[in-house]
Amino acid sequence: MDGSHPNRHPRYDVLFEPVKIGPVTAPNRFYSVPHATGHSPLMPNGSIGMRAMKAEGGWGVVSMQVAEIDPTSDISNLPMERFWDDTDVKSHALMVERVKRHGALTAIELAHTGIRARNMDTGTPVLGPSSMRILKPQNPIQSKAMDKSDIKAFRDSHKRAVLRAKEAGYDIVYVYAAHDAALVWHFLNPIYNQRSDAYGGSFENRLRLLREVLDDTMEAAAGDVAVAVRIPAHDFKSGSPLTYDNEARAVIESLAEVPDLWDVNVASWPRDSGTSRFDDEGHQEKYTSYVKEVTSKPVVGVGRYTSPDAMVRLINTGVFDLIGASRPSIADPFLPNKIKEGRIDDIRECIGCNVCVSSDAYSVPLMCTQNPTISQEWRRGWHPEIIPSAPRADATLIIGSGPAGLECALTLAKAGHEVTIAERASEFGGRVLKESALKGLAAWGRVKDYRLYHLRQMGNVSLYAESEIGAADIAEFAADNIIVATGATWRNDGVGATGFQPVDGFSAQALTPDDIMGGAQITGPVLIYDDDHYYMGNVLAGHLAAQGHEVHLVCPLPSIAEWMGYTLETPRVIEEMIALGVHMHPNTTAISWTASELRVARSDTGQELPVIKAAQLVFVGARHPNDDLLTRLREDEALGGRVTGIGDCLAPGIIQAAVFSGHAEARRLIGGGSELGGFKREAPILFEV
Ligand code: ADP
Ligand code: SF4
């Protein structure tokens, strides 16, 4: 046991005990479980950089994301790992070597995604237990029911993948059965498995394939590497018998002592990666805590744990043996080391927003609201904890204390600048301060809390609230750098994501999110016209409905909260709206607003619909960048090139973008002015044709 660090409270020592996992031993209980990273196999360097950083930060086990075992499991267009044949071993071996340098174990999630695959790259039929549409209803693709030879080929292929994983140097190999996205899980679930042979029908028959693949894997592992099974301990899918009090439990009981490790969660991914708006830390425990009762093998589980006390409780009460994490390890790759060194307040806690998840859907390297350095380890050389010293102790004035201003200030202060933050409002935090007061968004306040906590302790930082800065005030600061972070203001005129012209009657009467968050008094039924399509429209609807208002939520796209499909939240949002009695009007475009009536038309056909009556109109659409000050300062020749803008005052966006912008500008200043957009690119290899 590592009980050596003088600043660590002894109650956290239990987290640093080694854990035996079959033939290997994890150095501590911090387990970075497999998660999507947005890095496709064509981006191995970025992927290696990210995982090596987690190992440096103290994670005892670092896992690879879903790794397709062969071309019959082609889940393109999602950027998953490919582990098809020997050509893939080289980059995996390099990843393993970089992670092991820091003393961590490495795990690979060998996966066949069954009827979650699309095979649009390979062109071969999608394979499943039965002939049916794949689990992407928008895709006109149907699976082939696997025959005996397909099953044999799959088992042989999985075995070969295990041998490749051993060759690459992995310590733990997975049998992937999770997220409603695994072939063996599709065989388990009678909703998908409609076979009448030895692999269908009875529970034992449906279990057969998982049992066989697990036995194959144990045999191929041969005691050289540990074998883990990742499986939901509960399925939320309507009609599924694979629940924690029924067949999911029976599966784990049946195979209890076979693998070396159980990695358990809930299905499907939207419930596994529940956001803080709907699921608290530890939300899966109700469904996963029974697993340790049915097996003597070690168990790892997740639940967006960022609190070391919660982690200790999990171990001491026998819920898990290892603390699984994906999002907490993204938001803070150094979480284990911070606990180890007694720096609990230093933990950059995940806010549970799922912006990271959206990266996967977009096939772009992982982004994070709390950690702007994620995915930038290799491509930009950014370390999440080590900020290089600035060449000079510049005096830097930052105007505005939203996420952009605070992140920029903290990064520059760590680099040695003398930083002054001037904020017009009486409290710091900008939009995060205001938005975190809305229903369901309290955890988002961590974006400001983390940064302010540090800034307030630094001798080279001055924070001034109630300090509005105008162009004439700049001279008194004698600043070497002036960074404008004055944010953006919601428009009330009807200009939004689909409507590029103002809507008649809006600007005279519509309130905006700024008004509501500023405490505007509202009477009567409220109509929210949401031409933003992310969280603000529906969060306000829930917020006002919970206060007792009758609320209409009108939006021009076919579904409300359309963008929240990328954060996996749309179904939960719709559920909440229904529970709160919010009247939803999707596919509805505003024509005009008069005193208490919105004229509307169907967005697709233009056919006019009955008016919607309300006492108060609220518009959620585009925002005006607050760039007047920036423009004036830039025009001032005396200030030369010392003025820059960051965050929403440049280009209004999501909070993650503001944090990233603030961080990038700080790095630019520290680095002496390299290109803001400059980063190393992954290079494809050219073959002779
Ligand atoms: P971002 O998301 O880009 O960080 P925010 O809107 O969250 O932007 O924050 C901008 C902050 O700037 C707000 O807290 C606002 O009060 C403050 N601000 C705007 N204009 C001025 C100004 N002229 N002087 C000082 N503070 C300002
Ligand atoms: Fe957590 Fe949001 Fe970062 Fe994802 S993007 S790790 S949910 S803070």
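**Ground rules**

I am working with a predicted model, where local features need pLDDT of at least 70, side-chain atom pairs count only at pLDDT 80 or more, and totals for chains, interfaces and linings use all residues. Residues are numbered from 1 along each chain as its sequence is written, chains are lettered from A and ligands numbered from 1 in the order in which they are written, and side-chain values use heavy atoms, with hydrogens and water left out.

**Ligand 1**

I began with the shell and found 21 residues around ligand 1, the closest being Ala-404, Glu-423, Arg-431, Ile-469 and Asp-648. A residue counts as near if one of its heavy atoms lies within 4 Å of the molecule. By class I noted eight nonpolar, eight polar and five charged residues in this shell. For the classes, Ala, Val, Leu, Ile, Met, Phe, Trp, Tyr, Cys and Pro are nonpolar, Asp, Glu, Lys and Arg are charged, and the others, Gly among them, are polar.

Next I looked up polar contacts, here pairs of N or O atoms within 3.5 Å. A backbone N or O atom of Pro-403 sits 3.1 Å from an oxygen atom of the ligand. A polar backbone atom of Arg-424 is 3.0 Å from a ligand nitrogen, and one of Ala-485 is 3.4 Å from a ligand oxygen. Ligand 1 exposes 580 Å² when taken alone, and the protein buries 92% of that; the areas come from the Shrake-Rupley method with a 1.4 Å probe.

**Helices H3 and H5**

I then turned to H3 (residues 148–168) and H5 (residues 203–221), which pack at about 35° with axes 9 Å apart. Helices are DSSP runs (H or I, at least four residues), and strands are runs of E, at least two. The axes are lines fitted to C-alpha atoms over the stretch in contact, and angles run from 0 to 180 degrees between N-to-C directions. Contact means heavy atoms within 4.5 Å. Among the contact residues I listed Phe-154 and Val-162 of H3, and Leu-209 and Val-213 of H5. The contact has eight nonpolar, two polar and six charged residues.

I found a cis peptide bond from Ser-76 to Asn-77, with omega near 15°; Asn-77 is in the loop between strands S4 and S5. Another cis bond joins Ala-267 and Ser-268, with omega about 0°. Ala-561 has a positive phi of about 55°, although it is not a glycine.

Terms used:
Polar contact = N/O pair within 3.5 Å; in protein donor to acceptor, adjacent residues only side chain to side chain.
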